[in-house]
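Here is a short report on one protein chain. Please keep the sequence and the model in view while reading.

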Amino acid sequence: MAQLPVSPAKAGNSAEAAASQVIAKAQTEDANLSNAQLVLTKMSTLVQQAGDSATTATDRDAIDQELSSLKGELKSISGSTSSDALSKSYDGGNGASYSLVGAAGSRDISVSASTTAEDYAGMLTALNGARDGVSAGQASNSVTMTTAFKDQTDSLVNSAKKLWSGCA
């Protein structure tokens, strides 16, 4: 009986390695975008709390500090993802554009005693736009991952066929 080769053909290994790299990158991207969604959701909740008339000035200061910390997280995430969803500005629907990570010419997402109801609404609209942008990035990333999985599977099947044909 013929002995089976230990590893698939070189061409298969190369295709499998390339697909594996794409999959690993897509999985990292997916984790980063998922983290961004969590941060954006928390930011929306904080902006809603700050906009509540029962929120004190001291509470708004604490909320603003938390928002600042979360923006720092988003800035870090935006530097490690290929999606532009976190680095661009979003229309607040109130004639203002809001930035998540400090884009020039945009308002910052922050709260103070002078923040108006219109500003709160604009920030929430912008945050929803950012969440939609991140969701679009996740959908695109999912397509990339699915294609890479298919390519990897096809490569493995072709390698297995070559192995079996060598045993006949």
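## The sheet

Strand 2 (residues 97-99) and strand 3 pair in the parallel sense over two bridges. Two strands count as paired if DSSP finds at least two bridges between them. Strands of a sheet pair through backbone hydrogen bonds, either parallel or antiparallel. Here three strands form an open sheet in the order 1-2-3, with mixed pairing. At its edges are strand 1 (89-91) and strand 3 (107-108), each of which pairs on one side only. Opposite Arg107 in strand 3 stands Tyr98.

## Basis of the model

The model is predicted: local features need pLDDT of at least 70 and side-chain atom pairs count only at pLDDT 80 or more, while totals for chains, interfaces and linings use all residues. Residues are numbered from 1 along each chain as its sequence is written, and side-chain values use heavy atoms, with hydrogens and water left out.

## The whole chain

The chain has three helices and three strands. Helices (H or I, at least four residues) and strands (E, at least two) are DSSP runs, numbered from the N terminus. Read from the N terminus on, the elements run α-α-β-β-β-α. The radius of gyration of the chain is 24 Å, well over the 15 Å that the globule rule gives for 168 residues, so the chain is more spread out than a compact globule. This radius is taken over C-alpha atoms, and the globule rule is 2.2 Å times the number of residues to the power 0.38. Along the principal axes, the C-alpha atoms fill a box of roughly 85 × 30 × 20 Å.

Of the 168 residues, 34% are buried. Buried means under 20% relative accessible area, exposed over 50%, and partly exposed in between (1.4 Å probe, protein chains only). A contact means heavy atoms within 4.5 Å. Among contacts between residues at least 6 apart in sequence, 70% join residues at least 24 apart.

The mean positions of the 12 positive and 17 negative charges are 11 Å apart. Lys and Arg count as positive and Asp and Glu as negative, while His and the chain ends are not counted. The place of a charge is taken as NZ of Lys, CZ of Arg, CG of Asp or CD of Glu.

Asn35 is found in helix 1 (residues 10-51). With 40% relative accessibility, Asn35 counts as partly exposed.

Ala126 lies in helix 3 (residues 117-167) and is buried, with a relative accessible area of 1%. Leaving out residues up to four places away in sequence, Ala126 touches Tyr90, Asp91, Gly92 and Tyr98.

Ala148 also has its place in helix 3. At 4% relative accessibility, Ala148 counts as buried. Again leaving out residues up to four places away in sequence, Ala148 touches Ala19, Val22 and Ile23.

The table sets separation along the chain beside C-alpha to C-alpha distance.

| Pair | Apart in sequence | Apart in space |
|---|---|---|
| Asn35 and Leu74 | 39 residues | 8.7 Å |
| Ala126 and Ala96 | 30 residues | 9.4 Å |
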